[in-house]
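This report describes the packing inside one protein chain. The sequence and the structure are shown first.

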Amino acid sequence: MIVYFPHIPKTGGSTLRQGFYKAFGFKKCIKVWHTDFGGDVKPANFVDLSAKEFEGISVVFGHLNMSQFLMNTYTRSEFEKGNVRILTSVRDPIERIISLYNYISLYKKHPKHKSVKSTSPIDFIMEQPANFSFHFLKPKVKSTLDDIYGIMDIFPIEKSIHQLTIFFARNYNIEIGHLEVKNKSINLTNGEKVICLDDIPRDALENLQKKHSIDLELYHRSFDNCQ
């Protein structure tokens with residue numbers, strides 16, 4: 001059984017991955033993000049991993065969307081056999097985008113730092129693609145929210161540590177213990193002002209809520225899975 005955690009950026013994944021390391025060990029996790037930042041493989045190259053490279057692996061974790069996961073011959077086969085358990089965390093989409101702006105604009109080593117820093121926060125926030133989380137998690141072009149919830153456990157970021165603890169205790173009889181909350185945007189501020197929801201004009205916020213309405217439904221529905 002492989003555990004797959006599709007990490008939507010800025011939804012608490014940096015905190016939660018500690019739990020997977022504690023439960024299975026660092027070397028049993030395939031970490032999918034840019035190799036310059038500690039990843040094992042870039043998302044675009046995941047499709048090329050052979051079955052042999054999954055030997056001894058318990059977890060696939062990272063910025064790998066569902067359709068990319070299914071492009072790999074081995075993981076698609078395991079998914080179709082019912083040998084993949086999927087879980088992830090989601091966040092209020094507007095707060096997620098605000099957090100994304102803060103992180104990139106504050107983290108000088110981020111490849112998009114200079115371009116984002118030269119963009120106004122409101123322009124960056126308004127220009128982000130609609131319903132990013134929904135498109136990240138859907139397995140097929142015409143998938144619905146019901147399809148997504150039918151194949152994975154989804155929890156809101158506010159409850160994700162508790163739910164991950166329950167997941168490991170129930171399915172693996174493992175107590176993962178304390179997880180240190182990682183809030184990289186706050187850690188990077190050095191006194192600089194960060195953007196918050198109150199900084200978004202009301203008319204812009206209403207437009208954002210319409211634009212990201214599916215992600216808002218995805219997020220609100222995730223609370224139903226909490227125990």
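How many aromatic pairs does the count come to?

## Aromatic pairs

The count comes to 19 aromatic pairs. The model is a predicted one, and two of these contacts are described here. In the pair formed by Phe5 and Phe61, the ring centres are 4.8 Å apart and the planes lie at 10°; planes under 30 degrees apart count as stacked, so this pair is stacked. Phe5 belongs to strand E1 and Phe61 to strand E3 (residues 59–62), so their pairing ties together parts that are 56 residues apart in sequence. Phe5 is buried, with a relative accessible area of 1%, and Phe61 is buried at 3%.

Phe20 and Phe168 have ring centres 5.4 Å apart and planes at 80°, so the pair is edge-to-face. Phe20 is in helix H1 and Phe168 in helix H9 (residues 160–172), so parts that are 148 residues apart in sequence are tied together by this pair. Both Phe20 and Phe168 are buried.

## Lysines over rings

Two lysines sit over aromatic faces. Lys10 lies over the face of Tyr103, at 4.4 Å from the ring centre. Lys31 lies over the face of Phe26, and here the distance to the ring centre is 3.9 Å.

## Nonpolar cores

The largest nonpolar core has 28 residues. Those with the most contacts inside this core are Tyr4, Ile30, Phe46, Val60, Phe69, Leu137 and Ile154. At least two residues of the core come from each of the strands E1 (2–6), E2 (29–32) and E4 (84–90), and likewise from each of the helices H2 (66–71), H7 (132–137), H8 (145–151) and H12 (213–222).

Which residues does Phe69 touch, not counting those up to four places away in sequence? They are Tyr4, Phe46, Val60, Leu64, Thr75, Arg76 and Val84.

## Helix H1

Helix H1 covers residues 13–24. At 1.5 Å a residue, its twelve residues should span 16 Å, and the end C-alpha atoms are 16 Å apart, which agrees.

Nine of the twelve residues of H1 are buried, so the helix is largely enclosed by the rest of the structure. The buried residues are Gly13, Ser14, Thr15, Leu16, Gln18, Gly19, Phe20, Ala23 and Phe24. Just after H1, Gly25 takes a positive phi of about 100°.

Asn83 is in the loop between helix H3 (73–80) and E4. Is Asn83 buried or partly exposed? Its relative accessibility is 27%, so Asn83 counts as partly exposed. Asn83 and Ile2 are 81 residues apart along the chain, yet their C-alpha atoms are separated by 6.3 Å. Leaving aside neighbours within four places in sequence, Asn83 is in contact with Met1, Ile2 and Glu78.

Glu78 has its place in helix H3. A relative accessible area of 12% makes Glu78 buried, since the limit for that class is under 20%. With neighbours within four places in sequence left aside, Glu78 is in contact with Asn83 and Val84.

Terms used
Residues are numbered from 1 along each chain as its sequence is written. This is a predicted model: local features need pLDDT of at least 70, side-chain atom pairs count only at pLDDT 80 or more; totals for chains, interfaces and linings use all residues. Side-chain values use heavy atoms; hydrogens and water are left out. A nonpolar core is a set of buried Ala, Val, Leu, Ile, Met, Phe, Trp, Tyr and Cys residues joined through side-chain atoms within 4.5 Å. Buried means under 20% relative accessible area, exposed over 50%, partly exposed in between (1.4 Å probe, protein chains only). Helices (H or I, at least four residues) and strands (E, at least two) are DSSP runs, numbered from the N terminus. Contact means heavy atoms within 4.5 Å. The expected span of a helix is 1.5 Å times one less than its number of residues. Rings of Phe, Tyr and Trp (its six-membered ring) pair if their centres lie within 6.5 Å; planes under 30 degrees apart count as stacked, over 60 as edge-to-face and the rest as tilted. A charge sits over a ring if NZ of Lys or CZ of Arg is within 6 Å of the ring centre and within 35 degrees of the ring normal.
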